[in-house]
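Dear colleague,

My notes on its salt bridges and on one of its helices follow.

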Amino acid sequence: MARRHYHAREAASSRKAIGRANSLGEWPRTCIASGRGGLRDGVDHQDQPATDPEAVASRIGRPSERNVRETRLKRRARVATVLTPPLPGPSFRAAVRDVLDDYRMNRKRSLLDVERHVRLHLGPFFGRRRLAAITTADIRRYVLGRQDEGAKNATINRELSVLKRAFTLAIAAGTLASRPHIALLREDNVRRGFFEAEDFEAVRRRLSPDLADFVSFLYTTGWRWRSEAARLRWTNIAFDAAEVRLEPGTTKTGEGRVFPFTADLRALLERRRAVTRARERELGRLVPHVFTRANGEPLGSFNKAWATACRAAGVPGRVLHDFRRTAVRNLVRAGVPERVAMQMVGWKSRQMLDRYHIVSAGDLIEAARKLDAARSRE
């Protein structure tokens with residue numbers, strides 16, 4: 001008992017000495033002058049009993065409090081993990097890969113367009129999210145952002161269609177339960193361009209012979225320029241049967257198509273056959289395509305040459321797709337039944353005729369004749 005009181009008095013006196021040393025700025029000299037290996041806080045703890053409360057507090061007090069805090073934080077983290085599990089379903093990037101694979105398996109010609117939509121716009125906006133985390137509000141923000149960039153409603157709708165397809169495939173695969181509402185925008189960008197005969201001749205004269213033959217074929221047939229006319233091969237031409245034929249599976253609709261020769265079309269294809277044979281002799285190899293460049297390769301884009309010719313002809317802003325509308329209108333005006341005209345050009349629905357206001361000139365004349373007859377009876 002006496003020993004315990006002795007140590008208490010010694011500790012108290014030592015604390016007082018340390019306080020005075022701190023006030024005088026002598027703390028370093030006090031510590032060094034002690035010269036004891038067990039000195040801590042100015043007190044020799046070597047002979048102090050292990051049960052001394054101050055010693056225990058000084059040795060383990062602060063680490064114990066830190067351990068308690070860390071334990072509580074870990075416990076809270078485990079509870080948060082249990083209560084908020086990770087979102088189910090695939091990521092946006094994985095879902096988009098499924099969409100691209102679907103387009104490849106079904107051999108859709110719009111695959112390149114879809115890849116461009118994902119790479120330039122959809123990917124940068126949704127790429128780091130889970131598909132289940134995308135909400136209708138997120139989609140609205142995407143639409144507003146694209147409109148601010150100047151994108152047309154039709155372009156945005158094509159991009160939203162890719163997003164809808166990603167949700168549809170995920171739901172079909174059972175990896176997602178539902179999808180947000182994706183509203184498409186109203187489109188009002190219907191082109192109404194037609195080529196009158198004199199305008200077409202003015203443009204054709206300003207193109208190279210290869211391009212002039214190509215647009216002449218489009219003017220007559222109205223076929224899609226990139227996927228059908230530019231890929232036309234000599235195996236699709238039957239001079240004996242006097243027809244140009246597209247096999248099933250090679251068109252956008254997947255259906256075969258036949259266009260019989262007109263006098264102008266026969267003359268055009270015979271001229272192209274002579275050009276092809278001359279190039280085969282020059283190149284020393286077969287040239288399988290009908291419309292080619294001087295090196296025997298099939299035609300690709302010629303936007304600059306086309307735009308220059310249209311401006312010089314006084315009809316700027318025309319596009320190659322105008323030939324589809326022009327060809328159908330010319331067929332209907334010539335008295336070809338609408339169903340036959342649509343089949344020759346490759347339209348499946350009569351809505352296309354209504355969309356571009358294509359009607360038969362004979363029908364209009366007959367309507368005017370009936371109106372005159374009705375007024376004469378009044």
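In this predicted model, the side chains of aspartate 138 and arginine 141 form a salt bridge, with 2.1 Å from N to O. Both residues belong to helix α6 (residues 136-148), where they stand three residues apart, about one turn of the helix. Aspartate 138 is buried, at 7% relative accessible area, whereas arginine 141 is partly exposed at 47%.

Across the whole structure, the search finds 20 salt bridges. Another of them pairs glutamate 115 with arginine 104 at 3.4 Å, N to O. Glutamate 115 lies in helix α5 (residues 111-126) and arginine 104 in helix α4 (residues 92-105), so this pair ties together parts that are 11 residues apart in sequence. Glutamate 115 is partly exposed, at 24%, and arginine 104 is also partly exposed, at 39%.

A further salt bridge joins glutamate 196 and arginine 329 (3.2 Å, N to O). It links distant parts of the chain, 133 residues apart: glutamate 196 sits in the loop between α7 (153-172) and α8 (197-204), and arginine 329 in helix α13. Glutamate 196 is partly exposed at 31% relative accessibility, while arginine 329 is buried at 8%.

Helix α13 (residues 322-333) spans 16 Å from first to last C-alpha over its 12 residues. Of these residues, 10 are buried, so the helix is largely enclosed by the rest of the structure. Just after α13, glycine 335 adopts a positive phi of about 95 degrees.

With kind regards

Key. Residues numbered from 1 in each chain as written. Predicted model: local features only at pLDDT ≥ 70, side-chain atom pairs only at ≥ 80, totals over all residues. Heavy atoms only, no water. Helix = DSSP H or I, 4+ residues; strand = E, 2+ residues; numbered from the N terminus. Expected span 1.5 Å × (residues − 1). Buried < 20%, exposed > 50% of the residue type's maximum accessible area, 1.4 Å probe, protein only. Salt bridge = Lys/Arg side-chain N within 4 Å of Asp/Glu carboxyl O.
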